[in-house]
Amino acid sequence: MYFKSSKRNKKKEQDYSKREDFSIELSTSLEENIINIKKMLDQPGDLLTRPFVIGETGPACAIIYIDGLTDTKVINESIMKNIQSGADEIGKGFEEAETALLDRLSYHVISSASVKKVTTLDDASLAILSGETALFVDGTDELLIIDTKGWEDRSIEQPVSEGTIRGPRDAFTENIRTNTMLIRRRIRDANLRFKSHQIGRRSKNNLTVAFVDGIVHPELIKEVNRRLETIDLDDAPESGYIEEWIEDSFLSPFPQMHNTERPDKVATALTEGKVAILLDGTPFVLIAPATFGAMMHSPEDYYERWMIGSLLRTLRYFAAFLAVFLPALYIALVSYHPGLIPSKLAFSIAATREGLPFPAVIEAFLMEITMELLREAGIRLPKPIGQTIGIVGGLVIGEAAVSAGIVSPVMVIIVAVTAIASFSLPSYSFAISIRMLRFGFMIAAAFLGLYGIILAYILINIHIVNLKSFGIPYTTPFAPGFKSDWKDLVLRFPIPMMTKRPKFMQTEDDTRIDKEGKS
Amino acid sequence: MGKRISYIILASLSLLFLTGCWDQVQIEQRGFVLGAAIDLADAPSNGDPSFALTYQIVAPGGLGGGKAQGQSGQQKPFFNVTARGSTMFDITRNMASETSRTPYLGHNQLVIISSEVAKIPHAFTNILDIFLRDHEMRRTVKVLIAADQAKGVLQFKSPTAKLPVAHIVSIAENARKNIAIAPPLQIGEVHEYLLIGRSVAIPLITMSSQGKKKPQINRMAVYHGPSERMVDILSNEETKGLNLIKGEVQGGAITVEIKGESVVYEIRRAKSSIVPKIKGKDDIKFNVKIETEGKIAESFANIDYRDPANVSKVEKKVEKELERLATVTLEKLHEDLQVDVFDFARYVKKADYQLWMSIKEDWDSGKNYFSQSTISIQTDTVVRSEGAVIDTEE
């Protein structure tokens, strides 16, 4: 760790020494400013300059913007049209360029909603690169930045990784403004806060921390912001970069933050006193802190009847157990403890394994690795081919491997059940960490049988009870136990009975539903 | 520091790889022993009895479970291996030299001991020792005594089950249908009796001699605790009576005669209560009350069961029959053999512990206080249902 950071610092110095310093003040000369801007950005082909003069005698002006990042229609309508149709009127009294002209333009002429003044080249270039338009007026050392952002965007679509039958169908997009909009539309509370950060020395991404003031514990916000401020990355193309930087233990196999593309999930989390971290350029929003229990929850648990929600959750815990332990148990029971298998099952397993060339361990690893390969191939391949792979893999390889006498049919069933069980977990990142743990358990079972499984289980337990996510123990409310939070853990109690917000979040306002009713 | 950690990891990994999986045996390489039969071997060499142990080992390929092999239909699903020796462990080790698969007793379901062996003092307890002591053994193994050769029981061809042992085990579990079949006796329970030197009745398996050989379990062998040997075999009727007195009947039929024709009473529920009355060593009384509840399953006699008087007539007859069975049993066990397989001793111990401590050595041996006690039988029968027929044709 120490080694790493020293290297990083050295790089930083080198970078800055090479770069020219552009944080200079603007000059009063229009031409010089334009040349400087162009020089700074190295005259890219999509940087457009449109010079013009206000009135007959007015000062020379120019707008600079990047084609593609801006909405040309807005530039035409709210800047050019307004200035040129009233050019004589505006230019009156301004034979000499003055700062007051900028104010007049800003207050009276330009009809864009957001206009601001900047004085340095750095700010100007950042604004231009963000899709805003810079308006230069000759003779002033200030310029106007007009919001003309508008680019091709993916529209709001259905969530891909977290499907539900019942529930809202909108998902976050790559545009952070759309995403904040989706959250605001769900929580119209005046206390909903969006705090902005800028991430990435090069990419300068927008990052927004969302929380509800008055619910969230103030220390949590402080901690999140503190951690975000330590981020020193070149760029952050996805929230995974942020997650790995600010999580408590990057050596842990477990995800310590929730990522989701469902706005409804984020909204619920915010009202529970959690914090959402939105990054521009990715539809995956982080929710912190995350707990083991929350990883097993799906928003649909709350949308369908509570009994079904509770049953499905119980089923998911069972699925998680299968996904972790099933192949390991198979190995242990078949190679060490056949006495623990019911007699008839033991005989039929023995019958199917007769004549197989590999011990159970090799057999299990063969099939599990094949399964992981199929899964990986299914993701990479184009969708229509991906389905074919599923059929080829599932049917042909499974069936052929059995009839070729390489694996036993029982093993195929176990691999299939394991795969299905791990797919049924609602959090993808949690499911993949469970997939990984499975192999550890299989190795433990191969060497030490059930004893090894128990040892590995104890190890994982020691780790998981030590794990914290932003100060909140990962296993809470199991341990440390908060009995009242068990209403929404393995079981999901009816919504009117869940009157309090999660106790482990130590929310400032702990009452979700007032028993006395609306007042 | 990095070097040190990598050494530690290397060392702990080598711990795993060097020791390896020392007790790993793949499931298909184990010889699952399903049943064991113990006979007396012919030549006792040095005076110690020598035994012949037969294991029935499953050949899973023949069970038809796995189709991976293809031609599995031809294979016999089991094979019997016999070896001789003076101790069970010895024999098992001898057996390993004969079979391709090492015997694994984790799935053993049955131990059959021939009556010849059981009659030798101490032999029965000595044989059972390994079936209780070894870590592979289960306490749910059923214990039977074979009337003649035990090995023969494992060799018959079952028309329904693929494995003879499975057939025998399912007969033993038919207690619901027959009064003479006691609930299967597990080795763990036998162990409890052996530990305190009590007597116990063990189900007896006989092979019917006429026609195709078929196993039958409808009698019991009497094992005398203090002398550690089997003393006699009960008849079918005596077995019924024993089960009734012990309250172990789960179902079965009693046939009585009314107006010269048969009426079958089916027991659905039966219990017995034993109340001891102890005034001293020589004055121990037991009141046994046998209560049954059931229905009329078959009636050759044309009786109008709508009339309660007729129903109670049947009840009276059944009570008498139950009493007769119980008395027959008591005559044999209480008067002739003087062996307490009813477990009356337990009631004495519960009722008067001090007294019990003074007489426990002489309960059904020596002075035999058991034979001096008096046992009275009471029966009570209820007909719950007369069946779905009102009129029977003349």
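**View 1. The β10-β11-β12-β13 sheet of chain B.** Four strands of chain B form an open sheet with mixed pairing, in the order β10-β11-β12-β13; strands here are DSSP runs of E with at least two residues, helices are runs of H or I with at least four, and both are numbered from the N terminus. Two strands count as paired if DSSP finds at least two bridges between them. At the edges stand β10 (252-258) and β13 (374-385) of chain B, each of which pairs on one side only. From one strand to the next, the twist averages 35°; angles run from 0 to 180 degrees between N-to-C directions, and axes are lines fitted to C-alpha atoms, for helices over the stretch in contact. This is a predicted model, in which local features need pLDDT of at least 70 and side-chain atom pairs count only at pLDDT 80 or more, while totals for chains, interfaces and linings use all residues. Residues are numbered from 1 along each chain as its sequence is written, and chains are lettered from A and ligands numbered from 1 in the order in which they are written.

View 2. Strand β12 (residues 283-299) of chain B pairs with β13(B) in the parallel sense, over 11 bridges. Look for K289(B), which stands opposite Q378(B) in β13(B). Helix α8 (residues 236-246) of chain B lies across β11 (261-280) and β12 of chain B, and runs at about 60° to β11(B). Helix α10 (residues 344-351) of chain B also packs on the sheet, touching β11 and β12 of chain B, with a direction that makes about 40° with that of β11(B). Contact here means that the C-beta atoms of two residues, placed from the backbone, lie within 7 Å.

**View 3. Strand β1 of chain B and its three partners.** Strand β1 (residues 30-40) of chain B has 10 of its 11 residues buried, so it is largely enclosed by the rest of the structure. A residue is buried if 20 or more other C-beta atoms lie within 10 Å of its own, exposed if 12 or fewer, and partly exposed in between, with C-beta atoms placed from the backbone. β1(B) runs antiparallel to strand β2 (residues 51-58) of chain B, joined by seven bridges, and A37(B) stands opposite T54(B) in β2(B). With strand β4 (residues 102-104) of chain B the pairing is parallel, over three bridges; here G31(B) has P103(B) as its bridge partner. Strand β5 (residues 110-114) of chain B is parallel to β1(B) too, through four bridges, with L110(B) as the bridge partner of G35(B).

View 4. Chain B is assigned domain 1 (30-233) and domain 2 (236-394), with bounds from an automatic or database domain assignment. Their C-alpha centres lie 31 Å apart. Domain 1 of chain B brings 21 residues to the contact and domain 2 of chain B brings 19 residues. On the domain 1 side, β7 (200-207), β8 (215-224) and β9 (229-233) of chain B are the elements that give two or more residues, and β8(B) gives the most, with five residues.

**View 5. The five-stranded sheet of chain A.** This open sheet has the order β1-β2-β4-β5-β3 (chain A), with antiparallel pairing. β1 (47-53) and β3 (115-118) of chain A are at the edges with a single partner strand each, so one side of each is left without a neighbour in the sheet. Strand β2 (residues 60-66) of chain A pairs with strand β4 (residues 133-137) of chain A over four bridges in the antiparallel sense, and I63(A) stands opposite L135(A) in β4(A). Helix α5 (residues 99-109) of chain A lies across β3, β4 and β5 (143-146) of chain A, at about 15° to β5(A).

**View 6. Helices α2 and α6 of chain A.** Helix α2 (residues 30-41) of chain A packs against helix α6 (residues 121-129) of chain A at an angle of about 65°, with their axes 11 Å apart. At this contact, N36(A), I37(A), M40(A) and L41(A) of α2(A) meet L121(A), A124(A) and S125(A) of α6(A).
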